[in-house]
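Subject: Structure for your review

Dear colleague,

Please find below the structure that I am handing over to you.

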Amino acid sequence: MCGIVGFTGKKNAAPFLLEGLEKLEYRGYDSAGIAVLAENGIKTKKTVERIKTLKEKTDNGAQLCGTIGIGHTRWATHGAPSEENAHPHLSPDAKFAVVHNGIIENYLELKEELAAEGVSFKSETDTEVVPCLLEKYYEGDFFEAVTKAVARLEGSYALGIICTDCPDTLIAVRKFSPLIIGVSKEANYIASDVTAIVSQTKEVIYIDDGEIAVLSPEGVSFFDKDKNPLQKQISVVNWDINAAEKGGYEHFMMKEIMEQPRSVEQTVESRIHGREIIFENLKLDEGKLRHIDKIDIVACGSAYHAGVVGKYVFEELLRIPTLVDLASEYRYRNPLANSKTLTVIISQSGETADTLAALKEAKRKGAHTLSIVNVVGSSIAKESDDVIYTWAGPEIAVATTKGYSTQVAVLYLFAIWAARILKSSDEEYIESLFDSLRELPENIQKILDNSEDIKALAEKCGDPHSLFFIGRNIDYAVSLEASLKLKEISYIHSEAYAAGELKHGTISLIEEGRTVIALACYEKLFDKLLSNIKEVKARGANIIACVTEGHSAVLSEANDVIFIPQTHPLLTASLEVIPFQLYSYYVSLFKGCDIDKPRNLAKSVTVE
Ligand code: F6R
């Protein structure tokens, strides 16, 4: 999804902009550009290729001289990927340059108005109306022109703007799109997220919706939409650039897979004091929790799959009806929610547009909202009544791994915390889940230590044309995620089925040699799953089974078997997903796919 960087300082801006854009590549983009204010006006350079090309075109930025500038990676929405549509966009008089993330919903109306006044547009984008409005409202005061232009915009935007008449001043505005400010003695920065600037400064300021930041090399001032000055707090980022770089791995995805024991440990252990689970600053206290009669879990993609695990765990432990819904469906279906509803919102980025909209809908209905988010200060974190952070660190690969694992870990932790308060489940059962949860990092590590076996399996299975994942209960929840992981990075068609559904249609697709991956770790339903394995085997399927150690009955049925360590029956989800992250990675590697940046996908989906 689009990424923004901006710089105002004493040194040349372009090298910082290019480095920042490179750090934002992980968000997904199809074109990019930078604009620098040089002595004789604003100079831009754009590309429909990678940032590497932009670096080559500008001699690593040396060709664009100027100490203030803005940069952008674009993920096309309005208009095809092209240099004309790539940002930054200039006003017709070339006095203003603008980068934008989000969608200006009333851009057609504004375009019509401006066109009637004689403006001709160079791009098909919604963004271009912004520099044109700035030119229209400019009467010698940059800040004033920005406030007037922004007042005309409907939709979502994070904007970075420079003006030839104010050679030091960079103005940033945000509404429903991510944007942060980085501060340092040498320079000040804007960026879509911390990754872009963490190598320069760890001091950041989160700007809220409707706020305006005015940056110069000397400092940053903040204003609300009515131009009243604001005092903002500086936060210090607690991870460094090494955490956002590959650390010796060929791909971010593998680095992040390998980080999971540490990420899960950090997420779980930071909430455990003795045997007590404490979530800091949680407004959902015992009284409120007792009042809850329904839980809605809402998310997109893998975060939704984590939510499916959550549904099984919550219903089992809390005995509270739990619905899990896709945010894009939830937001438009007039959901049934009220003050007795707990809406759990899950999002790694904290910026997913549909998830954010669903959160707002739940709030509007009076539900108590609790978000499980990885990015501190993100829009979803800020909008929710409560937030529990997953301490996964920055996730760069487009396909989530540690993000998903830490989300599931938080769901377990929360379920144990709530079940202890509500006494809704057998005490011994809850406490053994608690103990097993603490052993999770060690058990994940055991699976990772055997990654060569999974690599060999991936090599042996090659490039199946199409395959099926089957499972029941928690195994089914994991099969959804395993299937998505495989298809998104290896482009192999795969489907996840609740194993009991096979007979209701899908089994007609099982034929000689069809690969079926059977997840059979959920103890209570192992025998049922074994019957499903026999059914597909009888029709010629090539079976890969995943079971917990000791379930050797499967050896005579499956062509290949993956064993995961024994754990609490409810906790298997956290373990059995790991071999399939590895499997997907290796299949994709052998196929030569772009593992970290799969085609057509973006890391942070900030438009619907
Ligand atoms: C798949 C993947 C996506 C995200 C989804 C939601 O590997 O990463 O399906 O899970 O786009 O993103 P977040 O969690 O940032 O809201």
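The notes below describe what was found, taking one region after another.

This is a predicted model, in which local features need pLDDT of at least 70 and side-chain atom pairs count only at pLDDT 80 or more, while totals for chains, interfaces and linings use all residues. Residues are numbered from 1 along each chain as its sequence is written, and side-chain values use heavy atoms, with hydrogens and water left out.

**The parallel sheet**

An open sheet of 5 strands has the order 24-23-25-26-27, and its pairing is parallel. Helices (H or I, at least four residues) and strands (E, at least two) are DSSP runs, numbered from the N terminus; two strands pair if DSSP finds at least two bridges between them. Strand 24 (493-498) and strand 27 (560-564) form the edges, each pairing on one side only. On average, neighbouring strands of this sheet are turned by 15° against each other, direction ignored.

Strand 23 (residues 466-471) runs parallel to strand 24 and is joined to it by 6 bridges. Ser466 has His493 of strand 24 as its bridge partner, and Gly471 has Ala498 of that strand.

**Helices 16 and 18**

Helix 16 lies across strand 23, strand 24 and strand 25 (515-519), and runs at about 175° to strand 24. Helix 18 also packs on the sheet, where it touches strand 23, strand 25, strand 26 (542-548) and strand 27, and its direction makes about 135° with that of strand 27. Contact means heavy atoms within 4.5 Å. Axes are lines fitted to C-alpha atoms, for helices over the stretch in contact, and angles run from 0 to 180 degrees between N-to-C directions.

Two packed helices are described by the angle between their axes and the distance between the axes. For helix 16 (residues 474-490) and helix 18 (residues 572-591), the angle is about 20° and the axes are 9 Å apart. By class, the contact of helix 16 with helix 18 has 11 nonpolar, 5 polar and 5 charged residues. Here Ala, Val, Leu, Ile, Met, Phe, Trp, Tyr, Cys and Pro count as nonpolar, Asp, Glu, Lys and Arg as charged, and the others, Gly among them, as polar.

His251 lies in the loop between strand 15 (235-236) and helix 6 (252-258), and counts as buried at 14% relative accessibility.

**Strand 4 and its partners**

In strand 4 (residues 68-74), 7 of its 7 residues are buried. Strand 1 (residues 3-9) pairs with strand 4 in the antiparallel sense over 6 bridges, one of which links Gly6 with Ile70. Strand 2 (residues 31-38) is likewise antiparallel to strand 4, with 6 bridges joining them; Ala32 has Thr73 as its bridge partner.

An open sheet of 7 strands has the order 5-6-7-8-12-13-14, with antiparallel pairing. Strand 5 (89-90) and strand 14 (229-230) are at the edges with a single partner strand each, so one side of each is left without a neighbour in the sheet. Within this sheet, strand 12 (residues 212-216) and strand 13 (residues 219-223) pair over 5 bridges, and Val214 stands opposite Ser221.

**Helices 7 and 14**

The axes of helix 7 (residues 260-269) and helix 14 (residues 427-449) come within 9 Å and cross at roughly 175°. Helix 7 and helix 14 are therefore roughly antiparallel.

With kind regards

Notes. Buried < 20%, exposed > 50% of the residue type's maximum accessible area, 1.4 Å probe, protein only. Parallel < 35°, antiparallel > 145°, perpendicular 65-115°, else oblique.
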